[in-house]
Amino acid sequence: MSEPKRLHPVASIVTTGKRIRNLILPMIFLNISGGRDSKTALLISLILSLIAVLITLITGILSWLRYTYRFEEDELRIEYGVFLRKKRNIPFERIQSINVTEGLLQRLFGLAKVEIETAGSGDEAEAVLSAIPKREAAQIQAHVNAAKQDALKTTVEIKPMFTLTTKKLLLLSLTSGGMGVVISAVFAIFPQLDDLIPYKKVFGGVETWAVHNIMLITFIVFLGFFLLWIISLMITMLKYTGFTVIQTETDFVISQGLLEKKQMTIPLNRIQAIRISENLIRQMLGLGTVYLESAGGSSVNIEGANVMLLPIVKVKDIPAIIGPYLPEYEMTEDFKPLPRRAMWRYIFRGWYVAIPIVLLSLIFLKSWGLLSLGLLVLVTIRAYVNYKSAGWGLSRDQLSLKFRSFKRTTIYMRKNKIQSLEAGVSYFQDKKKLGTLEVFVKSGAVNTGGRVVDMDQADLQSIYRWYSRERKIGSGPE
């Protein structure tokens with residue numbers, strides 16, 4: 001039996017820093033509101049902010065002092081709690097997955113963050129050791145692997161499966177949608193600064209200047225978007241540098257990251273579905289991204305449920321790469337398309353939004369409003385592409401769906417992993433003998449799956465009978 005150990009003091013800094021970070025915006029708004037009322041109110045709000053920071057610092061230090069862990073012969077024991085002392089024993093054989101992360105601060109001290117998930121973790125990880133020596137993180141992994149090896153009575157074999165080369169990393173970065181995230185973050189921050197920056201005073205004369213400097217403004221906007229694109233490119237490259245996947249007898253182990261190194265363990269027996277995602281650019285290049293929907297993960301660890309297995313790969317090569325490791329899945333491209341009568345329903349749904357915009361543009365913008373007809377054309381093309389992308393496939397033990405919103409998605413689900421299957425028919429669909437299929441599998445703390453709209457009702461009946469086992473089916477889908 002080992003002696004109880006504390007986390008590295010860095011854990012206290014990280015935990016306290018996160019708590020103070022969560023207090024920053026409330027304190028800013030509190031002080032701004034107080035400053036508007038009077039100097040006394042401002043002073044009170046400053047004192048309250050200082051008290052909140054002090055309490056956060058004290059509780060952060062106490063939490064660190066009261067948190068201990070130790071290794072037993074076959075389990076990890078944790079004790080924690082400032083005022084109410086709690087104990088948690090985690091047998092190594094119950095551990096389903098271990099995620100190891102090395103952030104910048106942790107790497108400076110040779111530390112790692114370990115998230116431990118078990119079959120009953122629920123919405124949160126079973127335990128989080130936020131700063132322990134890397135050798136002890138490796139020790140936990142060794143204990144867990146040994147426990148699984150004993151349970152299987154076999155030798156654990158490690159197989160390399162996929163490595164992200166520099167060429168593929170660059171291609172991944174160039175075709176990602178990371179710039180949208182950066183732009184969204186910028187636009188989300190500016191409205192929060194209304195009370196801090198006097199926009200009207202600062203930009204009062206900008207309107208007049210802008211009228212005479214259109215070309216300069218256009219160049220600045222272009223330069224801004226170019227810089228945002230470069231930033232998103234760098235973020236993606238830093239995140240996925242060194243991306244590798246290996247398979248042991250029971251798990252996929254995924255490693256990635258340059259500044260922040262991560263290692264995720266995905267138990268093979270918790271894989272619920274395989275999902276292939278193709279954005280428009282990658283689809284034109286014949287490329288896609290492969291995800292695993294896993295029963296692991298939690299509400300605070302979304303990545304553990306929706307795991308990127310292959311960041312970028314030729315779609316035609318996916319069966320050859322995945323097949324030897326997940327032979328129970330049939331990576332088929334044989335999908336039955338939607339009936340032709342469903343096409344106009346796809347187009348009409350797109351027109352519901354586009355036609356009012358076109359009419360209003362023609363009424364208020366006169367001849368300039370004719371440009372809005374381009375929107376109608378684009379919406380129609382997109383609706384037709386969505387219709388052509390949709391389809392389904394059925395085998396003895398697997399249901400496959402294909403559909404599109406902004407990305408084309410293909411999902412392969414084993415029959416015994418499907419949590420629920422819903423076949424619905426609206427009033428207008430019934431007139432065309434069509435219906436909607438929704439299928440869900442368990443993925444982390446939530447359900448995920450696929451949805452295909454306007455399938456033939458006879459096809460819905462076939463899928464529903466395939467899934468319902470001994471249930472009796474009425475005259476139409478439920």
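The expected span of a helix is 1.5 Å times one less than its number of residues. Helices (H or I, at least four residues) and strands (E, at least two) are DSSP runs, numbered from the N terminus.

This is a predicted model, in which local features need pLDDT of at least 70 and side-chain atom pairs count only at pLDDT 80 or more, while totals for chains, interfaces and linings use all residues. Residues are numbered from 1 along each chain as its sequence is written, and side-chain values use heavy atoms, with hydrogens and water left out.

Of its 478 residues, 41% count as buried (under 20% relative accessible area; exposed is over 50%, partly exposed in between; 1.4 Å probe, protein chains only).

Next, select residues 373-389, helix H13. This helix has 17 residues and reaches 25 Å from its first C-alpha to its last, close to the 24 Å expected. Colour Val379, Ala383, Asn386, Tyr387 and Ser389, which are buried. Seen down the axis, the buried residues of H13 fall within an arc of 165 degrees, so they line one face of the helix; the arc is that of the directions from the helix axis to the C-beta atoms. On the other side, Leu378 and Lys388 are exposed.

Last, go to Thr56 in helix H2 (residues 39-66). Thr56 is buried, with a relative accessible area of 8%. Show Thr16, Arg19, Ile20 and Leu23, which Thr56 touches, not counting residues up to four places away in sequence.

Key:
Contact means heavy atoms within 4.5 Å.
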